[in-house]
Amino acid sequence: MKEKKFILYVQTTDKPERQYSPLVLAQTAKAMDMKAIVYYLGMGLKILKPGEAEKIKLGDFPGLNEMINKTLNAGVKIFVCEASKRMLGLEKVELIPGVKIVGAATLNDLALEADATMWF
């Protein structure tokens with residue numbers, strides 16, 4: 001049996017115009033029967049604080065909060081870098097439900113395992 005292809009999408013920024021691509025691509029990969037993971041790193045974590053994603057809506061796309069929920073509901077895992085959380089002073093801040101906080105080594109392992117990585 002052939003193993004599923006795996007694409008890792010890494011979100012490194014909190015810029016509103018760069019938020020949709022990894023989520024849309026991850027949802028698309030999942031619909032194509034591929035494994036997809038979105039990993040938030042560095043400044044990207046700011047988007048995952050409660051209330052932040054609700055502030056972003058671009059063009060005729062749904063709001064960013066809806067896109068994140070749709071991504072999670074599609075079965076795409078969203079990982080968050082624990083070291084970045086500390087770096088940004090968010091260690092005591094709760095993030096939105098559904099995301100999983102993981103260590104830095106996880107990103108290295110995922111990058112080595114993935115068939116492709118895309119960085120945003």
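Predicted model: local features only at pLDDT ≥ 70, side-chain atom pairs only at ≥ 80, totals over all residues.
Biologist: How many residues are in the largest nonpolar core, and which have the most contacts inside it?

Modeller: A nonpolar core is a set of buried Ala, Val, Leu, Ile, Met, Phe, Trp, Tyr and Cys residues joined through side-chain atoms within 4.5 Å. Buried means under 20% relative accessible area, exposed over 50%, and partly exposed in between, with a 1.4 Å probe and protein chains only. The largest such core has 27 residues, and those with the most contacts inside it are Y9, L48, L64 and I68.

Biologist: Which elements give two or more residues to this core?

Modeller: Elements are DSSP runs numbered from the N terminus: helices are H or I with at least four residues, strands E with at least two. Those that give two or more residues to the core are β1 (6-11), α1 (20-31), β2 (35-40), α2 (64-73) and β3 (77-81).

Biologist: What does L48 contact beyond its neighbours within four places in sequence?

Modeller: Contact means heavy atoms within 4.5 Å. With those neighbours left aside, L48 is in contact with Y40, I68, V80, L95, I96 and V99.

Biologist: Is L64 buried or exposed, and what does it touch?

Modeller: L64 lies in helix α2, and its relative accessible area is 0%, so it counts as buried. Q19 is 45 residues away from L64 in sequence, yet their C-alpha atoms are 7.5 Å apart in space. Not counting residues up to four places away in sequence, L64 touches Q19, Y20, L23, I47, A53 and I56.

Biologist: Are α1 and α2 roughly parallel or roughly antiparallel?

Modeller: Axes are lines fitted to C-alpha atoms, for helices over the stretch in contact, and angles run from 0 to 180 degrees between N-to-C directions. The two axes come within 10 Å and cross at roughly 30°. Angles under 35 degrees count as roughly parallel, over 145 as roughly antiparallel, 65 to 115 as roughly perpendicular and the rest as oblique. Therefore α1 and α2 are roughly parallel.

Biologist: Which residues of α1 and α2 meet, and how do they divide into nonpolar, polar and charged?

Modeller: From α1, Y20, L23, V24, A26 and Q27 meet L64, M67, I68, K70 and T71 in α2. Ala, Val, Leu, Ile, Met, Phe, Trp, Tyr, Cys and Pro count as nonpolar, Asp, Glu, Lys and Arg as charged, and the others, Gly among them, as polar. The residues of this contact divide into seven nonpolar, two polar and one charged.

Biologist: Where does R18 lie, and what does it touch?

Modeller: R18 lies in the loop between β1 and α1. At 37% relative accessibility, it counts as partly exposed. Leaving out residues up to four places away in sequence, R18 touches Q11, T13, W119 and F120.

Biologist: Is G59 buried or exposed?

Modeller: G59 lies in the loop between β2 and α2. Its C-alpha atom is separated by 26 Å from that of F79, 20 residues apart along the chain. With a relative accessible area of 71%, G59 is exposed.

Note on methods. Residues numbered from 1 in each chain as written. Heavy atoms only, no water.
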